[in-house]
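Visitor: I would like to learn how to read a few features of a structure. Could we take them in turn?

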Amino acid sequence: MAASSRTQVLSLYRLMLKESKNFPAYNYRTYAIRRVRDAFRENKHVEDPKTIQALLVKARENLLLIQRQVRLFSIPTCMAALYLAALNQISGPISCLQTA
Amino acid sequence: MACSAGRVFRCGLSQSSKRLQKVIRSRELDENELRPLYMDFQATTPMDPRVLDAMLPYQVNYYGNPHSRTHAYGWESESAVELARKQVADLIGADPREIIFTSGATESNNISIKGVGRFYKTKKKHVITTQTEHKCVLDSCRALEAEGFHITYLPVKSNGLVDLQQLEESFRPDTSLVSIMTVNNEIGVIQPIKEIGHLCQSRKIFFHTDAAQAAGKIPLDVNDMKIDLMSISGHKIYGPKGVGAVYVRRRPRVRLEPLQSGGGQERGLRSGTVPTPLAVGLGAACEIARQEMKYDEHRVSKLSKRLIDKIMAGLPDVIMNGDPEKRYKGCINLSFAYVEGESLLMALKDVALSSGSACTSASLEPSYVLRAIGTDEDLAHSSIRFGIGRFTTEEEVDYTAEKCILQVKRLREMSPLWEMVQEGIDLKSIKWTQH
């Protein structure tokens with residue numbers, strides 16, 4: 001039991017750090033990496049299995065959060081590119097619609 | 001997109017976007033230019049990703065009006081707002097029923113000062129505040145003055161703190177309110193709130209504090225500190241802009257004359273639909289701040305010490321404004337003698353800093369806060385405020401310190417005043433001739 005929770009903890013830790021590295025913004029990226037590392041370090045000596053499980057649940061939630069946010073922050077750059085592409089394609093059909 | 005709906009959408013977008021693009025291009029950075037380091041956490045803070053994550057569902061999906069009582073959209077929004085209310089209340093040790101959502105700390109300050117002042121104006125027409133308050137507090141007091149109130153603007157000691165003796169002496173039988181901010185936004189000093197609160201309670205005077213810079217950063221308890229009214233700002237604690245809260249004590253009840261009339265939302269004190277996503281964001285920000293307070297405080301203190309030690313070691317004649325001990329470590333206001341503040345800010349253009357507060361940055365006058373603490377005119381002009389927050393890194397602090405030292409040295413080399421000082425001339429003894 002202790003061994004499996006240890007492997008769980010380690011794999012979560014690795015996953016969270018890997019996801020955190022994908023934040024496009026410097027400040028968020030460094031914060032996420034640092035916070036994850038410090039949080040796991042802080043709870044290194046917790047023995048009670050119930051507490052460990054509760055912390056793991058919280059960690060999994062945070063991993064999902066990081067995944068969501070990392071994908072979200074990549075959108076504006078894609079969106080801006082899409083809008084610019086759309087603007088560059090403006091031509092005949094649309095100016096007709098304007099006068100109509 | 002081939003469909004006509006797509007084309008109409010794009011058509012509507014084109015005109016305004018072209019104009020917007022032009023504006024953006026003229027003020028934005030060039031293609032490959034990097035954005036400056038952000039070291040101005042007192043002006044505003046970036047949103048914590050966890051706050052954004054909490055807000056998004058309410059921006060997109062759960063868009064009901066929290067005051068709609070008849071359907072699920074309203075119910076789910078209302079429960080989110082009530083949860084947010086509890087989160088804000090837990091941060092300051094209050095009851096959720098005592099929290100009212102507003103559009104920001106400025107509105108909260110207006111509600112507190114004008115509301116309390118006007119409610120009790122038949123019998124009590126005196127309000128006490130300090131000279132170092134935020135502009136919105138001072139302006140609200142000025143508005144009350146125009147309505148016939150007497151306002152005492154207490155001076156502060158040279159370390160920025162209020163003199164409790166002076167405060168006590170300024171109490172009058174017709175004083176209704178004392179308003180003193182917890183943490184100053186320009187020099188970062190923490191006022192003795194607990195002592196002030198107890199003093200006011202003993203005289204049955206209401207105590208309002210503007211805790212925009214303090215909430216979520218230092219531990220606050222409204223019952224322990226005997227605070228009757230408190231203003232909280234969302235965008236100072238890594239929450240969204242455009243939302244804030246005001247804490248209004250229920251026991252003993254603080255009566256207010258509402259500023260904004262309407263449908264009676266928020267206990268009748270602040271009518272208007274509560275913006276669910278913003279309120280949820282504020283709640284999330286408060287919850288995160290409560291959980292992270294110790295960690296952030298430890299880290300900010302460490303970085304602050306690092307910045308100050310580096311700059312003080314690398315440069316002579318640097319003065320820290322405000323009390324060195326009773327301060328919030330994340331707000332550092334330094335005056336660099338013989339250097340002009342604006343030129344130093346421009347020289348440090350790849351670090352986002354400010355001299356004084358954002359509200360006063362447009363005017364050329366030195367900050368009134370620095371004038372109130374008795375800073376010399378020339379030192380007041382050469383002050384820079386460094387802000388350190390949750391997301392600041394060691395590298396940013398090191399870079400800022402090194403750049404600062406470099407630029408100050410360079411500017412001092414060019415300064416004739418610095419030359420004279422090096423030669424041992426006392427600047428105060430010089431008689432400047434008039435041309």
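Guide: Start with burial: a residue counts as buried when its relative accessible area is under 20%, and as exposed when it is over 50%. At 6% relative accessibility, B:Y238 is therefore buried. Keep in mind that this is a predicted model.

Visitor: With which residue does B:Y238 form a tilted aromatic pair?

Guide: With B:F41; the ring centres are 6.3 Å apart and the planes stand at 50 degrees. B:F41 has 3% relative accessibility, so this residue counts as buried.

Visitor: Where do B:F41 and B:Y238 lie in chain B?

Guide: B:F41 is in the loop between β1 (37–38) and α2 (49–60), and B:Y238 is in the loop between β7 (229–233) and β8 (244–248), so the pair ties together parts that are 197 residues apart in sequence. Both residues also belong to a cluster linked by ring pairs, together with A:F23, A:Y28, A:Y31, B:Y38 and B:F391. Over all chains, the count of aromatic pairs is 12.

Visitor: What kind of aromatic pair do B:F119 and B:Y120 form?

Guide: An edge-to-face one, with 5.0 Å from centre to centre and 70 degrees between the planes. B:F119 is partly exposed at 34% relative accessible area, and B:Y120 is partly exposed at 22%.

Visitor: How do I read the backbone?

Guide: Most residues other than glycine have a negative phi, and most peptide bonds are trans. In this model, B:Y238 has a positive phi, near 65 degrees. The phi of B:K226 is also positive, near 55 degrees; this residue sits in the loop between β6 (206–210) and β7 of chain B and is partly exposed, at 24% relative accessibility.

Visitor: Which residues does a cis peptide bond join?

Guide: B:R251 and B:P252, with omega about -5 degrees. B:P252 is in the loop between β8 and α8 (276–314) of chain B.

Visitor: And how do I describe two packed helices?

Guide: By the angle between their axes and the distance between the axes. In chain B, the axes of α4 (residues 105–119) and α5 (residues 135–146) come within 9 Å and cross at roughly 30 degrees. Angles under 35 degrees count as roughly parallel, so α4(B) and α5(B) are roughly parallel to each other. The crossing of α4(B) past α5(B) is right-handed.

Visitor: Which residues of α4(B) and α5(B) meet?

Guide: On α4(B) they include B:I113 and B:R118, and on α5(B) they include B:V137 and B:L144. The residues of this contact divide into 6 nonpolar, 4 polar and 2 charged.

Note on methods:
Residues are numbered from 1 along each chain as its sequence is written. Chains are lettered from A and ligands numbered from 1 in the order in which they are written. This is a predicted model: local features need pLDDT of at least 70, side-chain atom pairs count only at pLDDT 80 or more; totals for chains, interfaces and linings use all residues. Side-chain values use heavy atoms; hydrogens and water are left out. Axes are lines fitted to C-alpha atoms, for helices over the stretch in contact, and angles run from 0 to 180 degrees between N-to-C directions. Helices (H or I, at least four residues) and strands (E, at least two) are DSSP runs, numbered from the N terminus. Angles under 35 degrees count as roughly parallel, over 145 as roughly antiparallel, 65 to 115 as roughly perpendicular and the rest as oblique. A crossing is left-handed if the near helix is turned anticlockwise from the far one by less than a right angle, and right-handed if clockwise. Contact means heavy atoms within 4.5 Å. Ala, Val, Leu, Ile, Met, Phe, Trp, Tyr, Cys and Pro count as nonpolar, Asp, Glu, Lys and Arg as charged, and the others, Gly among them, as polar. Rings of Phe, Tyr and Trp (its six-membered ring) pair if their centres lie within 6.5 Å; planes under 30 degrees apart count as stacked, over 60 as edge-to-face and the rest as tilted. Buried means under 20% relative accessible area, exposed over 50%, partly exposed in between (1.4 Å probe, protein chains only).
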